[in-house]
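Work through the exercises below with the model open. Each task is followed by a worked solution.

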Amino acid sequence: MPLKLESALRRPFVLLLSALTVAAATPVFAQSNSAISYDATRNVFTMAPIIQGVTPGVVSISTVMSEEADGTTVGGIGSGVIIDAEKGLILTNDHVIADAQSMSIILSDKRRYAASILGQDSETDLALLRITAEDLTALPISMSDDVMVGDLVIAVGNPFGLSHSVSTGIVSAIGRTDDNPLGYSDLIQTDAAINPGNSGGALVNSAGELIGINSAIVAKDRGSSGIGFAIPSHTFRAVADQLETYGVVSRGSLGVMISPVTQEVQARLDLDDLDGAHIVEVTTGGAAAEGGLRVDDIVTHFGERVIGNSSDLRYAVGLVRPNTGVFVTYIRDGKSSESVVIVRGQDYIKTADFNGVLAPVLQSDGLEN
């Protein structure tokens, strides 16, 4: 893995060095807009400036799960991200704090605080915590869904209890969807090293913006295999808002059965491509029926969210609270139309199109999780 990372970064280094030589650049090259900067005083290329801005927003989470009769404790170590400095809000994975009897939040400057749980959501594997502390630093959250394969990313967390470790890589894939044991999907895949203890940590882009919460790995053992997954910002933003306001996440339903757009469906409906969610059944009196949707409609957008497949729609609907109106764009008879659908509660449809196995990346001390 280190060899692959070195190879992946060699070309940007060459390009930056060439530009520096030609332009006779100032002491720090591309410092404000790029993760990779040139430090003329040391004659090295570095990511230090952006990492120094990111690490104060990442915390260590130490949990106590149980206490033995002899006084020893069994607990775990995970990570979290400060998303609101004024309110002391910290986002982490639900599996990091699930079943914890107590927990401590350790900041990058080694200050330690007790935390209260504002809410948990096992479906997305997210939990929202609060601490009472001053001089906190929150990470800026990306408000865009424009993450692209090939984007440079930085993962910050506490792998194997090694506080505030940093690894770099690229976005390997986006929109990974599955019906997996952790109960969430629509993930960012990255080759940045993610190991046990990284759960709940930050995945940031080259602008230092939080684009994902590191959550899972695909591995036969407990080490990094170069395939890690993070919950994207459009998911954790919606979940964090609900957890802060209500303490729980209420999920919406369209009242439809959906499936992927197959080649047979594409030919029968004369579609341009295989994108979208194919409605195969509409519940009488349900949200979709009331909004005018029909069997064989192909949903292409749900609100501002582009729907690439049936799992995209299932997941997008599941993040909307019941009784919320959403614009739905769909194709019918070769034409694109739009309707307002009032989302109902519960029983959203699950779909699956991924056969891999995801494992939570929680560093455990004496307790297998």
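**Exercise 1. Aromatic pairs**

Task: find how many aromatic pairs the chain has, and classify the geometry.

Solution. Pair the rings of Phe, Tyr and Trp (its six-membered ring) if their centres lie within 6.5 Å; planes under 30 degrees apart are stacked, over 60 edge-to-face, the rest tilted. The count comes to one aromatic pair. Tyr38 and Phe45 form it, with 5.2 Å centre to centre and 55 degrees between the planes, so it is tilted. Now check the cover. Buried means under 20% relative accessible area, exposed over 50%, and partly exposed in between (1.4 Å probe, protein chains only). Tyr38 is buried at 12%. Phe45 is partly exposed at 23%.

The model is predicted: local features need pLDDT of at least 70, side-chain atom pairs count only at pLDDT 80 or more, and totals for chains, interfaces and linings use all residues. Residues are numbered from 1 along each chain as its sequence is written, and side-chain values use heavy atoms, with hydrogens and water left out.

**Exercise 2. Salt bridges across the sequence**

Solution. Apply the rule: a side-chain nitrogen of Lys or Arg within 4 Å of a carboxyl oxygen of Asp or Glu. The chain has eight salt bridges. Elements are DSSP runs numbered from the N terminus: helices (H or I) of at least four residues, strands (E) of at least two.

- Glu244 meets Lys87 at 2.8 Å, N to O. Glu244 is partly exposed at 29%. Lys87 is partly exposed at 41%.
- Arg251 meets Asp121 at 2.6 Å, N to O. Arg251 is buried at 9%. Asp121 is buried at 5%.

**Exercise 3. A network and a histidine**

Task: starting from Glu264, trace which residues its salt-bridge network joins.

Solution. Glu264 bridges to Arg268, with the closest N and O atoms 3.4 Å apart. The two are four residues apart in helix H5 (residues 263-269), about one helical turn. An α-helix has 3.6 residues a turn, so residues three or four places apart point the same way. Arg268 is partly exposed at 43%. Shared partners join Glu264, Arg268 and Asp296 into one network.

Next, follow Asp296. Its side chain makes a polar contact of 2.7 Å with that of His278. Such a contact is a pair of N or O atoms within 3.5 Å; within protein, one must be able to donate a hydrogen and the other to accept it, and residues adjacent in sequence count only if both atoms are side-chain atoms. His278 lies in strand S19 (residues 277-282). His278 is buried at 4% relative accessible area.

**Exercise 4. Helix H7**

Task: decide whether helix H7 is covered or open, and list what its buried residues pack against.

Solution. Nine of the nine residues of H7 (residues 310-318) are buried. Among them are Leu313, Arg314 and Tyr315. Contact means heavy atoms within 4.5 Å. The buried residues pack against helix H4 and strands S17, S18, S19, S20 and S21. At the start of H7, a side-chain oxygen of Asn309 reaches to within 3.1 Å of the backbone nitrogen of Ser311.
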